[in-house]
Amino acid sequence: MFILTFLVIFLSTGLLSTNIIKKTYEFSIGDVATEDIHVPGDIQYKIDSETNMVKKRVSEMVPLVFDRDQSVLLGRLKYIETLFNLIIEILNESPPIGTDDRTFQLIALKSKLSKQYRYNDRILLILLQQENPKELRKIINRILIYILDRGILNKPYSNPLNIENSNATIRKIYISEETNEISKPLRDIRTINEIRKDLYKICYSIAPNISAVDMHAVYNIVKRNLRANLNFNIEETRRRIDEKVKSVKPVMGVLKKGQTLVREGDVITTETLLKINVLNKHSSSTNINYIIGIFLLQFIFFMVPGYFLMDRYSSFVTDSKPVIIIFSLIIFFILYTYFISREDSILNSNFIFALLLPIPFVTMIVAILYNIFIAMSIGMYLIFFSIVISGISIEMIVIAVSSAILGIFVIGDVKKRTDFIRGGLLLGFINSIIVTAVGLIVEFNFYTILENIELSFANGIINSILVLGIFPIYENIFGITTKFKLLELSDLNAPIFKKMLIDAPGTYNHSMLVANMSEAASEAIGANSLLAKVGGYYHDIGKIEDSEFYIENRMKNIKIKNLPPDKYCELIITHVEKGVTLAKKEKLAESVIDFIREHHGESTMTFFYHQALEQAENTNSTPDFDKSNFKYPGPKPKTRETAVVMLADSVEAASRSLESPTIIKLEGLIKKIIYNKLNEGELDYCDLTMSDLNKIQKAMMTILQGVFHTRIEYPEDEEVKQIEDRVMNSGNENKDI
């Protein structure tokens, strides 16, 4: 697989790189052009002067960052709280009774105040004379919060970054809660000296109703507690500016494909030389860059889906058949696309080129043979290749994407080969609508749109016919089990089922019920229900030979042979090997044969093992057998479908042993079997989740309820006759009355 992957990557890189061999030109301003110079393809280039102007404008719009130290406010509030707590404490210890003299309290207060809390006696007396000191403290706190919440600079902002910017953002720091930011004009950020000048006005605006004496104390205490708490964060501001500038996309100019830069005989001007230099730079620098970029993109396109394939579809990756099929389709597509892209008449019309690509053909085949995930992955790569080789255009992108996606989904419900034509018509119809829409967007004339609509219908039909014709080739050469092959195998009129019905009727009925249970359970978990159903039909075909050995086929309770348990068990186990042999003789697909191999896994035939142990116990002899003699050879189920058939087989067989089955008994039986298989490790390799097992249980329960439902007990004819006579006689008596 890896060899083929790199082969395709190198091949497509080589083909795509043929588009980038370009010529360079040497001119100076004032030279005369010796030839016409045309742009070979769309070229985008940076216009540095305009990009720098945009970056300058952006940098001037980034707000300046100022950090507000919240601990300053908290410290001042703590200071005010301590001061007033001391005042309240003094008043409580020495309450002034019958006098306004606070001298004694003042002396006591000053003795307890440290240096940082000392004010002049007038201020302290005002505080001691308060009837409600807490109210004054609240006023002071409100003023401090009002001022410090807006931030105070120690000195005026000096514009250290030399940028013209009038916006600022203030963010809190040194707090435990989440940091928040406030935007404001730079002119509104004030210094501590400016605040001091307007402090009295601020105090009065917040507390207009207090007395002049109290205002004097408030003003002085607030003024003493003013601290600068705002700093310009030059590093953060610079970081934000750099981040914003880096996000600026370069201003791009475009040279359009086919554009004439200069004609032969024209004088080379400054503007013309600039464009020629852009063309030269693109030609000389993009060759190797282009090749490396194309290589890396394709590497990603293959490696990422490949990783998921190995993770989710390991059997797909290890099997060479699907790998060969998919890579043959990809190689066919890239070669076909490359050669038609060489035709100028086709490539000049992106519509025609896009509609001539067999993208739906490839995605339809992959979706039918495998699954939508793989088809979508391949489709994405085909879109990439097509767009790169043709040049990016809205027509190319839309048609390529719609073709890939529609090619997958129009065949989602294909059940007959004739449904391909229906899918092709649907593909053509939808693509014609898309072509019309895009034609209107790019302002094509009516006749051009009409021609493209006709080509859209032809594209859909031709792709479906190609799939219909080539699909059976892949199906037969590689022996792939498709839904059509499964539908053929599900025909119960096949000779093998007729033989089973006659020779092993019990096995036939058992297989039919297992198939129905498996189909329902697979649908519930999103597995391949048709494959599970067919696997259920064929899983026990090994019992057709020597059918009388199996209890479900015995019409009478007779002993077949007087064999010891281990020998009889060995005989029963051979039905797996016989089934595989018969399946190969019938040329069944390997995916169907897997159900025969795996439907018992490595489980133990507990009935015979128990019987053998009892015989050894009764005869007091050492067992001359090993437990492995009573185990199926396996392998364990490797897919969800084979695991579902294993569970359905066990559930159906066990349900027949129930006497008077009820819903509770059936539920208990199903749960017991599923969890026994889980605990025995039989489901280790099949990728079933606990949620899947729960869905499987419910689905199987629904089927079994239909099989074991309680029937109406019909009355005997004699009872009907007796009650009829009584009713008729009663009616006649009423008439006589």
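This is a predicted model: local features need pLDDT of at least 70, side-chain atom pairs count only at pLDDT 80 or more; totals for chains, interfaces and linings use all residues.
Charged pairs come first. Side chains of opposite charge can pair when their charged atoms come close. The structure contains 19 salt bridges. One of them joins the side chains of Arg171 and Asp67, with an N to O distance of 2.6 Å. The two partners come from distant parts of the chain. Arg171 sits in strand S5 (residues 167–173), Asp67 sits in strand S3 (residues 64–69), and 104 residues separate them. Arg171 is buried, because its relative accessible area is 18% and the buried class covers values under 20%. Asp67 is also counted as buried, at 10% relative accessibility.

A second pair is formed by Lys112 and Glu89, whose closest N and O atoms are 3.0 Å apart. Lys112 is partly exposed, with a relative accessible area of 37%. Glu89 is partly exposed as well, with a value of 33%.

Arg240 lies in helix H10 (residues 234–246), while Glu181 lies in strand S6 (residues 181–185), so the pair ties together parts that are 59 residues apart in sequence. Glu181 counts as partly exposed, at 40% relative accessibility. Both residues belong to a network of salt bridges that links Glu181, Glu236, Arg239, Arg240 and Glu243.

Rolling a probe the size of a water molecule over the atoms shows where empty space is left. A search of the whole structure gives 1 cavity of 30 Å³ or more. The largest cavity holds about 30 Å³ of space. Its lining consists of Ala375, Met376, Gly379, Met380, Ile383, Ala404, Ile405 and Ile408. Helix H17 (372–390) and helix H18 (394–409) each supply at least two of the lining residues. H17 gives the most, with 5 residues. By class, the lining has 7 nonpolar residues, 1 polar residue and no charged residues.

The surface also carries a nonpolar patch of about 590 Å². The patch is made by Ile421, Leu425, Leu426, Phe429, Ile433, Phe457 and Ile465. Helix H19 (419–441) and helix H20 (446–477) are the elements that give two or more residues to this patch. H19 gives the most, with 5 residues. Phe429 is found in helix H19. This residue is partly exposed, with a relative accessible area of 44%.

Technical notes:
Residues are numbered from 1 along each chain as its sequence is written. Side-chain values use heavy atoms; hydrogens and water are left out. Patches are made of residues with over 30% relative accessible area and no salt bridge: like charges are joined within 9 Å, nonpolar side chains (Val, Leu, Ile, Met, Phe, Trp, Tyr) within 5 Å. Accessible areas come from the Shrake-Rupley method with a 1.4 Å probe; for residues, only the protein chains shown count as cover. A salt bridge is a side-chain nitrogen of Lys or Arg within 4 Å of a carboxyl oxygen of Asp or Glu. Helices (H or I, at least four residues) and strands (E, at least two) are DSSP runs, numbered from the N terminus. Buried means under 20% relative accessible area, exposed over 50%, partly exposed in between (1.4 Å probe, protein chains only). On a 1 Å grid over the protein atoms alone, a cavity is a set of points where a 1.4 Å probe fits but cannot get out, and a pocket is an open set with protein on both sides within 12 Å along at least five of seven lines; lining residues have an atom within 4 Å of a point. Grid points are joined across faces, edges and corners, and a volume is the space filled by probe spheres set on the points. Ala, Val, Leu, Ile, Met, Phe, Trp, Tyr, Cys and Pro count as nonpolar, Asp, Glu, Lys and Arg as charged, and the others, Gly among them, as polar.
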